[in-house]
Amino acid sequence: MEITTLGKKLDTLTGDCLILGVFENEGVRGPVSAIDRAMKGRLKTTLSSDGFKGKFLETILIRPSGPVGLNRIVLVGLGKREAVSSDRLRQAVGKGTSVAKKIGTTSLFVYCDPRLLSKKGAVLELAQTLVEGVILSQYRFDRFKSKSSKNKDDKEILSCTLVVPDEKLCADAELGGQTGKAIAAGVHYVRDLCNSPANVVTPSYLAKEASLLAEQDGVKVDIFERADIEKFGMGAFNAVTLGTEEDPKFIVIEYQGSASKKSRPVALVGKAVTFDSGGISIKPSANMDQMKYDMSGGATVLGVMKTLVQLQLPINVVGLIPSTDNMPSGTAVHPGDVVTTLSGKTVQIDNTDAEGRLLLADALSYAARYKPTAMIDLATLTGACVIALGQHAIGLMGNNKTLVSKIQGAGEDCGERLWPLPLWDAYFNQIEGDVADLKNVGGRSAGTITAGLFLKQFVGEIPWVHLDIAGTSWYSDNRHAYIPKGATGIGVRLLIHYLSKSARRKKTSAK
Ligand code: BES
Ligand code: ZN
Ligand code: ZN
């Protein structure tokens with residue numbers, strides 16, 4: 001979708017379809033009243049006869065008359081003004097875009113009014129938010145549909161013009177719009193990877209995708225094979241790979257965006273189990289197909305790295321993706337087997353379905369060698385997290401209060417919310433091994449916490465957060481305004497937001 005910017009008064013616009021937000025119970029005010037005047041008050045009467053109040057995500061389609069040069073206007077309710085947030089705007093514009101698409105719009109105007117958010121000078125941010133909502137809401141996954149079952153009549157929205165009330169705002173709106181477009185592309189990339197089935201997205205497939213990044217300046221990619229994983233001494237990661245015939249891969253992507261090569265990086269670690277059958281501790285068959293999504297953490301790391309390159313953020317970041325299938329077979333790891341991790345700690349694998357923490361334990365120890373300023377891991381780690389937080393929050397754990405609160409703040413800002421859980425030592429006895437240092441399962445209670453506490457044993461003193469995205473990485477229905485059913489691509493917006501902020505902080509502290 002092409003994104004452009006235009007500084008113009010709404011009543012002088014000519015074109016196909018405009019999306020315009022309206023606050024609840026504020027009636028015809030501000031920009032809407034200019035259109036109403038041009039329509040000789042007919043807009044006002046339509047709204048009151050249809051009972052449109054501007055409730056959050058309520059929509060109404062207007063076919064303007066008189067001198068208004070627009071064919072259609074989609075009014076979208078923004079809810080109460082005092083409850084406005086950038087995520088509500090993102091949802092509202094997403095909803096409006098879906099209505100516009102349904103009626104066959106191919107070129108769209110979106111009104112980008114800085115007064116929508118109370119913060120001054122927020123056009124850049126607002127433009128980014130709106131473009132994210134427009135593009136993300138239009139995601140479709142038809143890679144595996146043959147031509148005959150693709151809907152040929154379905155027209156795509158080809159262009160979106162952000163309309164700002166003053167020419168002077170165009171430059172900021174343009175920059176925000178292009179940033180939003182790059183971020184949305186990163187999210188779509190992750191959604192595509194996650195929605196693709198496990199017979200296509202294998203560890204080798206992910207490794208190939210990573211290798212493509214190496215063609216860009218400032219990016220170095222290493223792909224480590226089964227023999228390397230063994231040689232490094234990654235006994236926990238290796239154990240998970242024993243049952244599958246797919247070659248496991250340990251993918252390491254170094255992005256140097258900072259002028260100084262020596263500047264310590266942020267490390268991102270993502271679980272990429274391309275299919276989690278559970279191994280010998282096999283899962284029940286109902287919904288097992290969903291375990292193709294068990295590579296979401298790794299896909300997000302790939303998507304973030306790709307977006308970082310696109311945006312050229314001035315920061316060093318290393319992405320680490322341990323990837324394998326988790327399958328049962330005659331060579332698979334047995335429940336009860338003991339392995340030695342890269343850190344030297346031993347683990348008794350009581351349940352082969354708690355495999356994510358095994359991959360991550362070794363990848364985190366490896367990541368620590370970069371002496372990163374922060375380590376962030378993302379993983380569809382526990383079913384318990386889905387029970388605790390549902391689909392609305394990422395489970396957030398860590399060993400450093402400042403980092404935890406920065407990440408939580410970044411999530412609030414960008415609409416990918418997280419909620420903290422404690423990693424108290426009091427839980428440790430649940431994962432203390434009988435015949436080894438640790439065991440990989442901590443019983444039924446506090447399953448998300450004991451998984452997080454297990455990871456904590458491998459990060460040492462480095463500031464670290466663990467994001468359990470089991471509940472948030474795919475949706476089983478179409479309830480959300482800009483996240484269609486299937487993979488959500490969660491984590492890309494969060495991490496790009498966090499990394500942009502840290503890059504800015506670094507720049508100001510260097511001055
Ligand atoms: N990949 C699963 C976690 C999962 C379950 C993610 C459902 C999304 C939805 C993970 O590897 C797993 O199987 N965890 C087990 C751990 C248990 C054996 C301690 C779980 O949550 O049941
Ligand atoms: Zn599992
Ligand atoms: Zn898993």
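**Entry 1: T300**

I began with T300, which is buried at a relative accessible area of 1%; buried means under 20% relative accessible area, exposed over 50%, and partly exposed in between, with a 1.4 Å probe and protein chains only. This is a predicted model, in which local features need pLDDT of at least 70 and side-chain atom pairs count only at pLDDT 80 or more, while totals for chains, interfaces and linings use all residues. Residues are numbered from 1 along each chain as its sequence is written, chains are lettered from A and ligands numbered from 1 in the order in which they are written, and side-chain values use heavy atoms, with hydrogens and water left out.

I placed T300 in helix 9 (residues 296-311); helices (H or I, at least four residues) and strands (E, at least two) are DSSP runs numbered from the N terminus. Not counting residues up to four places away in sequence, I found T300 touching V190, L378, I490, G491 and V492, where contact means heavy atoms within 4.5 Å.

**Entry 2: ligand 1**

I counted 16 residues around ligand 1, with K283, D294, D353, E355 and G383 the closest; a residue is near a molecule or strand if one of its heavy atoms lies within 4 Å of it. An oxygen atom of ligand 1 is 2.8 Å from an N or O atom in the side chain of K283. For the side chain of D353, I also read 2.8 Å from an N or O atom to an oxygen atom of ligand 1. A nitrogen atom of ligand 1 is 3.3 Å from a polar backbone atom of T380.

**Entry 3: D468**

I found D468 in strand 18 (residues 464-468), where D468 counts as buried at 0% relative accessibility. Leaving aside neighbours within four places in sequence, the contacts of D468 include A379, T380, L381, T382 and C385. The side chains of D468 and T382 are joined by a polar contact of 2.7 Å. A polar contact is a pair of N or O atoms within 3.5 Å; within protein, one must be able to donate a hydrogen and the other to accept it, and residues adjacent in sequence count only if both atoms are side-chain atoms.

**Entry 4: the cores**

I turned to the largest nonpolar core, of 94 residues, where I253, L268, I407, L467 and L499 touch the most other members. Helix 5 (residues 170-195) gives the largest share of this core, 9 residues. A nonpolar core is a set of buried Ala, Val, Leu, Ile, Met, Phe, Trp, Tyr and Cys residues joined through side-chain atoms within 4.5 Å. I also noted a second, separate core of 44 residues, including M234, Y427, I431 and F454.
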